[in-house]
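Subject: A structure for you to look at

Hi there,

Please open it first and then read on.

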Amino acid sequence: LGLAGLMLSGCERDRELAAPTGLEITNDVLTWKAVEGADGYTVEINGEEYKTKNNSLDLFEITNKYGSYEIRVAADSVTEGVLSSDWSEQTSLTLTMPDWFGFMPTDDGKGWEAVVIDATKAQGKVIIPAYVQDKAVVEVRFKGCTGLTGVIFPDTVEYISGFENCQNLTRVRWSAGLKKIKLGAFDGTALETLVLPEGVTFLGGNAFGHAKLKSVSLPSTVAKMTATNEKSDANPFAFCENLEEIYVAEGNKAYKSDGNCVMRREDNTLVAGCKKSKIPSYTEHIGRSAFQGAALESVALPEGVTSIEDSAFAHNDRLKEITLPQSLTSIGKYAFLWCAALGKIAIPDGVTSIDYMAFSSCASLTSVTIPESVSSIGKHAFLYCTSLTSITYNGTMAQWDAVATVSYTHLRAHETTLHL
């Protein structure tokens, strides 16, 4: 090469990536056209920078206050000889507090409760402000906001009373100060993943009932799960047919997770389960609504289980088979209510009581075997078991009349035969 060629070769410039184009925001996600050769991207939002490998960024928790956001993107390069791009053209996002919710003073007058004014106007993501007129927002009670898709709770919120039937609610940013989620608070929502923060101490019964949950992670601080102040727990995840994973953080003094079950430590009660549960061998009690609406198909309870509490297996309309242990002594109210596919049941020796509507509406149930040990059968125990044609009772007619007079009158209409 001549002198001119050498000079040109030595002055070759590094290649610069093209600036991103096509910035769009849809459902709290910022996207742009991918830049060829980019190793990642930097997104600047009101002066704060966020790194991402892909040509998108989730804004759900970043845009957590009402106001304006100025956004631009640059393509990054770590490749030798390739420079990062200039900033893209700027795009703007403005979030304005809607008029469909407002605030009421709390009972003690020290803070605010956010409440719905017009649920029909609720759309998209809502951001609950931390303070109103210098007082903290400590409780939130929204119901029936079918257009609501996401909620940002400020860290001042301690109690959540209700988002029942917010059927399109898929995302939540939880408050770091949250303590209690009350009865039925998120019943019927579209939440799929639940990771509750440390500090939550109480979950009301059915708090997340009928939700689309697939996985649940509970903190070490949860100490009670019940519908009221009763001693008995109640499953917060009843009717969650998609639920497959349940985890309780290490260090929880009241509960632990084992085999995708929530176990109460003090008495080995299985409080909450799911269709992927493996019931621990040391289980002594199946708690109230523990598997209610869990989409079970078969169940084998281990020896050692002594009681099945109210509604424990209710509304499992695919449950075809259940094996009860010889250790069992009691079957609670509604225990197998509406298990429409259950074909037969053998009550083991040692059971002394079958409570109110225990097997009601088990439409496929054709035969039942009841041991002599049963001394009490509650009213309507086998009501609407329209296929039930045979009951085998391992005692005398006098004993049967003493324990089952009320229930058996409801079987005669279905031409059920009693075998002694």
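Below are my notes, starting with the whole chain and then moving to particular spots.

First, some ground rules: this is a predicted model, where local features need pLDDT of at least 70 and side-chain atom pairs count only at pLDDT 80 or more, while totals for chains, interfaces and linings use all residues. Residues are numbered from 1 along each chain as its sequence is written, and side-chain values use heavy atoms, leaving out hydrogens and water.

**The whole chain**

The protein chain has two helices and 37 strands (DSSP runs numbered from the N terminus: H or I of at least four residues for helices, E of at least two for strands). Its radius of gyration, taken over C-alpha atoms, is 29 Å, well over the 22 Å that the globule rule gives for 420 residues, so the chain is more spread out than a compact globule. That rule is 2.2 Å times the number of residues to the power 0.38. Along its principal axes, the C-alpha trace spans about 115 × 65 × 40 Å. Of the 420 residues, 48% are buried, meaning under 20% relative accessible area with a 1.4 Å probe, protein chains only.

**Strands side by side**

**A buried loop residue**

Val157 sits in the loop between β15 (148–152) and β16 (159–162). Val157 counts as buried because its relative accessibility is 0%. Leaving aside neighbours within four places in sequence, its contacts (heavy atoms within 4.5 Å) include Val137, Val138, Ser175 and Leu178. Trp174 is 17 residues from Val157 in sequence, and their C-alpha atoms are 8.8 Å apart.

**Cysteines**

How many disulfides does the structure hold? There are zero, a disulfide being a pair of cysteine sulfur atoms within 2.5 Å. The sulfur of Cys166 has its closest cysteine sulfur in Cys145, 4.6 Å away, so it is too far for a bond. Likewise, the sulfur of Cys385 is 5.0 Å from the closest one, in Cys362, which is too far for a bond. Cys166 is buried at 0% relative accessibility, and Cys385 is buried at 0% too.

Enjoy exploring!

Best wishes

Technical notes: Buried < 20%, exposed > 50% of the residue type's maximum accessible area, 1.4 Å probe, protein only.
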